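Please look at the structure before reading on.

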Amino acid sequence: AGDFGDEKSIHTGRDIGGLLASLAAMRSSLRTAFRDLATNEFRLANAQRIAGIGDWERDLVSGSLTRSEVVYRIFGRDPGELPATSAIPLEIVHPEDKQLVDEFINAAQHRGEGFNVDFRIILPDGSTRYVHGQGEVLRDPEGRVIRLAGTVQDISARKLAEKQIEYLALHDGLTGLPNPRFFRDEVAKAISEAVRFETMLATLFLDLDRFKNVNDSLGHGIGDLLLKQVAERVTHCLRKGDAVSREPEASRENVLARQGGDEFTVLLTTLRHTEDAARVAQRILDALASPFRIEGHEIFTSASIGIAVFPDDGRDVETLLKNADTAMYTVKEEGRKNYKFFTEAMNKAASAKLALESDLHNALRQNEFILHYQPQIEVASRKIVGVEALIRWRHPRRGLVPPLEFIPLAEERGLIVAIGEWVLRSACEQASAWQRAGLGKITVAVNMASPSFRQLDLMTVVADALEKSSLDPGLLELEVTESIMMRDVETVLTTLKKLKGIGIHLSIDDFGTGYSSLSYLQRFPLDALKIDRSFVGN
């Protein structure tokens, strides 16, 4: 009973009671089925409402069109405000999307093709809403399209999220400027345009001078605020028509981007003359000359800027950026706070520097460094009482390379600590060997570079060199510069006292070139001052 698929023969005389019972059971089942159907329809409608999905159906034979309440809510209109000619009225579709939507609807009605399409509609208040439309086709037994059914869904939140993800993928999180990926894409497009119209463009590579000092002394929070203010100043000093992108779809001629750290790049397009790039670079330098006031601090900074021009200095993105970077480093080496155009001479110098750096990495492993010893003579007795260890590089092809040619590079590339440790060990071993040979007690002086002095295990390194060479600590003199002592006075003072405590002699090298005074130096446990040659040369 209650199974609509059952067929049963009824004898009216004998089975009238059974027939009535069956009818009662069928009626009960129908009630349950309709109740379940109503419940499911409610649940479906509620789910569609929550998900922002509305459904519609169009009978192509009768011309009737039904839309759910959610459809009207998505479209932002009452039922009487929408024409019944199409499930998706073209009147409310964004002008740029009308042709797309019309083609999909026509394809469904005339060729029986279902559709999935994202489009925009214009709401009554003029705002835009993103909608996803989906349609399916129903056919009669002869294959003719007789009905269309589908859904519309508000996908504005999803589109907004997609745009935000796209924005984050192409922009710097701190400054909001385009990131390297975005910048390279823009340069590639600009090069294509420049080739097509036979115009010039330039890339500027900008690096803040001594930005690390700000981070080290004031903290990374202040450093980040400085970078944001620098970005704003550079933005404002670009010529009219130079635009800084903060929106993925913003149209622009020229782009300012952050490469990372304290490095920025600028793309200048459609230049009439190379001097135009120079004028922009000078405006940037001028804009950065005024002090930055950040959380009670007055901060001065400047920039070094390298310029590479298309097509003379490169015909692809990487070459232009590399050459602008090379020009920027040339500015750094020549005193900072300036701009320079790339030249082929710079390229040769950069290549030579790169080759020297590669050789420098191998120099320690190949035992190519040697020490020369400059004697220290006591005036009264004219006896050698000490020596200063001076490093030289015995290059296999270039011969003897003086320290001025490779020490700055070693400091720049982080090799100076390892080289300093080698000098210390070698000098201690030599002094110990002289003593064993009967030459008496000769003090050996070793210059400590700034990075070597700041390393955390300096005491361990010194103690290890003394122990392995069996050298008396009193025969080792460590030379430090004024700049080292003035950078972090308390830390330096603690380290010097520890070194002095194990019997090592301490001296200041090139005294007079820094900012210290004799009275100030009384705080430090020093044994000697080495006056800079500029004071005694004449």
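## Helices and sheet

Helix H4 (residues 156-170) lies across S3, S4 and S5 and runs at about 120 degrees to S4. The model shown here is predicted. Another helix, H3 (residues 98-111), lies across strand S1 (53-59), S3, S4 and strand S5 (145-154).

| Helix | Residues | Lies across | Angle |
|---|---|---|---|
| H3 | residues 98-111 | S1, S3, S4 and S5 | about 140 degrees to S3 |
| H4 | residues 156-170 | S3, S4 and S5 | about 120 degrees to S4 |

The strands under discussion belong to an open sheet of 5 strands with antiparallel pairing, in the order S2-S1-S5-S4-S3. Strand S2 (65-67) and strand S3 (115-122) are the edge strands, each pairing on one side only. On average, neighbouring strands of this sheet are turned by 20 degrees against each other, direction ignored.

How many bridges join S3 to strand S4? There are 8 bridges between S3 and S4 (residues 128-139), and the two strands run antiparallel.

## Leu400

Leu400 lies in strand S15 (residues 399-401). Its relative accessibility is 48%, so Leu400 counts as partly exposed. Exposed would require over 50%.

Which residues does Leu400 touch, leaving aside its neighbours within four places in sequence? Leu400 is in contact with Ile370, His372, Arg392, Trp393 and Arg394. Leu400 and Phe369 are 31 residues apart in sequence, and their C-alpha atoms are 9.5 Å apart in space.

How values were computed:
Residues numbered from 1 in each chain as written. Predicted model: local features only at pLDDT ≥ 70, side-chain atom pairs only at ≥ 80, totals over all residues. Heavy atoms only, no water. Pairing = 2+ DSSP bridges. Helix = DSSP H or I, 4+ residues; strand = E, 2+ residues; numbered from the N terminus. Axes fitted to C-alpha atoms, helices over the stretch in contact; angles between N-to-C directions. Contact = heavy atoms within 4.5 Å. Buried < 20%, exposed > 50% of the residue type's maximum accessible area, 1.4 Å probe, protein only.
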